[in-house]
Amino acid sequence: MASRVLSGRYELLEKIGDGGMAVVYKGKDKLLNRFIAVKILRPEFTKDATFVENFKRESQAAAGLSHPNIVGVYDVGREGNINYIVMELIEGDTLNKIIEREAPMDYRKVIDISKQVAAALRVAHKNKIIHRDVKPHNIMITEDGVAKLADFGIARAVNDATLSTGSKIVGSVHYFSPEQARGNYVDERSDIYSLGIVMYEMLTGKVPFDGDNPVTVALKHINEEIVPPIELEPGIPPALDRCVMKATSKYQTNRYASADELIQELENISFVTNVAGPSIFESTEVIEKRNKRKEDFEKNVEQKVEERERERKKQNKKKIAIIAGVIAALLLCVGLFAAWKMGVFSDTKAAPDLLDMTLEEATAKAEEEGFKIKQGKDIYSSDYAEGRVALQDPEPGTETPKEGTITINLSKGSKEGLVPNVVGMQADDVEAFLESHGYKLGNKKIITSPEDAGLVLEQDPVAGTSLDKESKINIVVSDGKGVEKASVPSVTRMSLEDAEKAIKSAGFKVGNISYDWDDSIGKGYVTYQQWQAGMQLEKGSTIDLEVSSGPEPKPETPETPAEGQPAEGTN
C-alpha cells in the first residue's frame, strides 16, 4: 500500500496511524507538490453502501469548514474498493498520547486546548454539522500547541448508518453523551458533553466511567453520577471543576447552550486564575480537607472492592441460589424496564413542539404539558412570521425535566434588508447610522486621497444590495493627505503675459521660458507648452514655455560691383 498512487495523484509514502475505523498514511499530492495525510477506511466499513454514501456526503460537508482549529479536508474519493479522505498533514501528536505522557495536565493547558476545540465546534455547529465523536484520538496538537479537531465525516456516517460491525462497537463509548447512549436526539450540546469528558480526562488522567464492555460504560453514562474531578485532583480551580460538571450534565438543557457560551466561561476562568492564581479560590485548610476527602474516597473504594470479593466467594459456594437470583433479577429488570418505557419512573418528559405559535399559544401549550415558558430575545427568521415562535430550547421531542422551563425566541421577521448608502458621510457617523438600519460596521480602510479627512469614499457591499441584517459593511475612508490634480490649460498662440496668467489661474507655475525665431506667429506669443492641454497634472507643477522672437532676420545682400570692376573672388 505504501507505494501506491490513488487516483493518479496521491502517492502513499508511509503509515502514520492505525485506528479502529481507518488507517492513516503520510502521502504526497503530486499535482500540488505538498505533503498530505490520507485516511483509508477499513474494508469492513466499505461493505455497507449506506455507510459509504453517508461517509462521502458528510466528509464533503466537512471539507467546507475552514478554521485554524479544524484539520482541513482537501478531497474525498474512491478507487476500486478503497474509500479515502485527503487531509491536512499535522506535525504533532494526538491528544490521547499527550494525556498518557502528561496527565494530570496543568489546568492552564487544559483550558487552552479546550477553548481551541470549542472554537472548532462553534464553526461546525454554525454550519449545521454535529461532530458526534469528540475524543482525544480525534484531536491533534501541533508542535506549536495548536489544537485541531478531525473526523467530522466518519462520526456522522457511523451515527447514521450503524453503531456496530460484527461484535465490535464503533464509536468511543467512554465519551458518549447519555442521549447518544439511549439513541435519542443529538445536538450541539452532545458535542459539548463529549468535550467535557475530554477535559475531565486531561485534568485527572482518567475517564469518569469505565467497564468490561461498551454496554456497561454506556449505561453508566445514562445512570451514574460523575465524581467531580476536583475530588481526584484537589489542585483544580473550583470554577474549572464546576465548568466540567456543567458540560457533562445528564440533561442537555443543563449544559452550556453553545460552544460560544463554553468558550466565554473558560476565558473568565483563565482571566481570574492568571490574575490571582488558583489560590484565590481556596485556602490551605480547604485544600487539606479536600485531600482528606480524597483519601477517604480511595479507602471507601478499597473497602467496596474487598466486600465484593467476599461476596463473590460466598456466591461461588451457592451456585443454585445464584442462578435463581439471576433469573429473578432478570425478571425484575424486564419489569422495571417496561415500567421505565411507560414513564413510571421517569422524571423527564418530551418537550412539546411550540414552533410557529404565538406567545399566548405557546404559553398555553407549555402549561398544558406541565412546563414553564421563558421568553428569550427576538431573532430574525425567514421561516416564521413576525411574532411567531422561531426557536425553542430544548427543541421539540427532547427529554426535559418535568415542570422544567422552555425558552422561546419570537421571530422579528426576515433577516434580509437593503444596504443603506454611507458614501459621502463622515466615518465617525457611520457606525451609529448602520446600527439604526440593523447592520454593523466592518473593516475601515484608510487611503491617501485629496478629499476631506474622514470622508467615506467607498463601501462594500454597495448601497441597495440585498443583505441579511446584522451583517458587516466595510468602508474606505480618506486621510485628506492626497495631492490634488488639475487640467493643464491650452496657452499656445497666447501672449506670454496671458499664458502666465492662465497657468497660475489653473494652479500651476510657469517654468523655464525659451525664445526662438518663428515667422508663423507674432513676436511675444507662445509657440510651445511643455504639457499637453487637458492633461491631469498635480497642482503646483511647473510648465515650460517657448515664445516666438518673431521672423528670423534675412542676411544683408552684398553690393553690386562697379562697372568694369571684377566681382570679389574673380581673377
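Predicted model: local features only at pLDDT ≥ 70, side-chain atom pairs only at ≥ 80, totals over all residues.
Figure 1. Strand S21 (residues 472-478) and S18 pair in the parallel sense, over 6 bridges. Within this pairing, Lys440 has Lys472 of S21 as its bridge partner.

**Figure 2. Pairings of strand S16.** Strand S16 (residues 405-410) runs parallel to strand S13 (residues 372-375), and 4 bridges join these two strands. Pro394 is placed in the loop between S14 and strand S15 (399-401). The peptide bond from Asp393 to Pro394 is cis, its omega being near 5°.

**Figure 3. The aromatic pair Tyr10 and Tyr84.** The structure holds 1 aromatic pair. Its members, Tyr10 and Tyr84, are arranged edge-to-face, with 6.1 Å centre to centre and 65° between the planes. Tyr10 belongs to strand S2 (residues 10-18) and Tyr84 to strand S6 (residues 82-87), so the pair ties together parts that are 74 residues apart in sequence. Tyr10 is buried, at a relative accessible area of 3%, and Tyr84 is likewise buried, at 2% relative accessibility. Both residues count as buried because their values fall under the 20% cut-off.

**Figure 4. Charged side chains over aromatic rings.** Two contacts of a charge with a ring are shown. The charged end of Arg34 sits over the ring of Tyr74, at 4.0 Å from the ring centre. Lys26 lies over the face of Phe35, 4.8 Å from the centre of that ring.

Figure 5. Tyr193 is located in helix H7 (residues 188-204) and is buried, with 0% relative accessibility. The side chains of Tyr193 and His221 make a polar contact of 2.8 Å. Leaving aside residues up to four places away in sequence, Tyr193 touches a set of residues that includes Tyr175, Phe176, Ser177, Pro178, Phe209 and Ile226. Ala247, Thr248, Ser249 and Arg255 are also among the residues that Tyr193 touches. The C-alpha atoms of Tyr193 and Ser249 are 7.3 Å apart in space, while the two residues are 56 residues apart in sequence. Ser177 lies in the loop between strand S11 (168-169) and helix H6 (178-182). Ser177 is buried, its relative accessible area being 0%. With residues up to four places away in sequence not counted, Ser177 touches Ser190, Tyr193 and Arg255.

**Figure 6. Helix H10 and its buried residues.** Helix H10 (residues 238-247) is mostly covered, with 7 of its 10 residues buried. These buried residues are Pro238, Ala239, Leu240, Asp241, Cys243, Val244 and Ala247. Of these, Ala247 is also one of the residues touched by Tyr193. In the protein as a whole, buried residues make up 38% of the 571 residues.

Figure 7. Pro104 is found in the loop between helix H3 (95-102) and helix H4 (107-126). The peptide bond from Ala103 to Pro104 is cis, with omega near -5°. Lys128 is found in the loop between H4 and strand S8 (139-142), and Arg132 is placed in the loop between H4 and S8 as well. Phi of Lys128 is near 65°, a positive value in a residue other than glycine. For Arg132, which is also not glycine, phi is positive and near 75°. Lys128 counts as exposed at 71% relative accessibility, whereas Arg132 is buried, with a relative accessible area of 12%.

Key: Residues numbered from 1 in each chain as written. Heavy atoms only, no water. Pairing = 2+ DSSP bridges. Phe/Tyr/Trp six-rings, centres within 6.5 Å; stacked < 30°, edge-to-face > 60°. Buried < 20%, exposed > 50% of the residue type's maximum accessible area, 1.4 Å probe, protein only. Lys NZ or Arg CZ within 6 Å of the ring centre and 35° of its normal. Contact = heavy atoms within 4.5 Å. Polar contact = N/O pair within 3.5 Å; in protein donor to acceptor, adjacent residues only side chain to side chain.
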